[in-house]
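Trainee: I have a model open and want to talk it through. Can we start with the overall layout and then look at the rings?

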Amino acid sequence: MEGSRRWTVASDTSMEGSCFITSIFEGRIRLRLGFYPKGSESPLYMSFASDDWKSLEVGKDYDLTFRFDKSDPWSAAATAAGDESGKFLFVNVTDAEFLTGFVRKRTLAIAFDDRVVANLSLRGTGPAAEELLKCQRAVDEIIADEGRKSKEKKADPFNAPSEKRSARDPFSL
């Protein structure tokens with residue numbers, strides 16, 4: 001993807017293997033978009049950070065405005081998280097149109113107190129979002145396979161067919 005932003009696609013084991021994409025934007029803003037584990041209240045989250053945002057207070061909500069290109073803005077509360085080594089803001093994404101905008105629009109402006117704090121070029125997000133979906137499908141398949149194998153292992157260990165019983169098994173009849 002020449003001329004496109006470089007994206008990393010990964011799976012987060014601390015979030016039950018949920019996949020995410022991440023990239024560094026203009027002004028050293030790091031953005032991460034990913035899935036929450038199945039069954040969560042919100043399907044997606046977006047987090048973003050800058051080394052310059054040292055005044056963020058962990059646990060505090062910040063009212064932000066998001067605008068794709070020149071479309072109508074939407075507001076959301078972003079929560080600060082992290083520690084002294086690095087802080088970031090994250091927002092739960094419940095609007096299904098968000099991912100469409102992320103893929104199809106050219107820019108995303110994020111504002112706080114009517115001041116744009118990040119103006120991100122979304123070039124190359126289409127292929128990155130496709131890879132995000134592929135990753136999540138693959139992880140979901142692996143988790144489903146592990147669930148099936150786990151159920152098989154929980155079967156009665158003493159109820160093996162007679163041809164599979166060991167001669168040294170004291171429980172073999």
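This is a predicted model: local features need pLDDT of at least 70, side-chain atom pairs count only at pLDDT 80 or more; totals for chains, interfaces and linings use all residues.

Trainee: How many helices and strands are in the chain?

Mentor: The chain has 2 helices and 9 strands. Along the sequence the pattern reads β-β-β-β-β-β-β-α-β-β-α.

Trainee: What percentage of the residues count as buried?

Mentor: Of the 173 residues, 35% count as buried. The accessible surface of the chain is about 11,600 Å², and 50% of that belongs to carbon and sulfur atoms.

Trainee: And the contacts? What share comes from residues 24 or more positions apart?

Mentor: Among contacts with a separation of 6 or more, 43% are between residues 24 or more positions apart.

Trainee: On to the rings. How many aromatic pairs are there?

Mentor: The count is 11 aromatic pairs. One of them is Phe48 with Trp53: the ring centres are 6.3 Å apart and the planes are at 90 degrees, so the pair is edge-to-face, the cut-off for that being over 60.

Trainee: Are those two buried or exposed?

Mentor: Phe48 is buried, at 1% relative accessible area. Trp53 has 17% and also counts as buried, because the limit is under 20%.

Trainee: What about Phe98 and Phe102, stacked or edge-to-face?

Mentor: Stacked, because the planes of Phe98 and Phe102 are at 20 degrees, with the ring centres 6.1 Å apart. Both residues lie in helix α1 (residues 97-104), 4 residues apart, which is about one turn of the helix. Phe98 and Phe102 are both buried.

Trainee: Which residues do the ring pairs link into a cluster?

Mentor: The cluster consists of Trp7, Phe25, Phe48, Trp53, Phe66, Phe68, Trp74, Phe98 and Phe102.

Trainee: Last topic, the backbone. What is phi for Asp69?

Mentor: Phi of Asp69 is positive, about 45 degrees, although the residue is not a glycine. Asp69 lies in the loop between β5 (61-68) and β6 (74-83). Its relative accessible area is 28%, so Asp69 is partly exposed.

Trainee: And Asp114, where is that found?

Mentor: Asp114 is in the loop between β8 (107-112) and β9 (115-121). Phi of Asp114 is near 60 degrees, again a positive value in a residue other than glycine.

Trainee: Is Asp114 buried or exposed?

Mentor: Exposed, because the relative accessible area of Asp114 is 82%.

Key. Residues are numbered from 1 along each chain as its sequence is written. Side-chain values use heavy atoms; hydrogens and water are left out. Rings of Phe, Tyr and Trp (its six-membered ring) pair if their centres lie within 6.5 Å; planes under 30 degrees apart count as stacked, over 60 as edge-to-face and the rest as tilted. Buried means under 20% relative accessible area, exposed over 50%, partly exposed in between (1.4 Å probe, protein chains only). Contact means heavy atoms within 4.5 Å. Accessible areas come from the Shrake-Rupley method with a 1.4 Å probe; for residues, only the protein chains shown count as cover.
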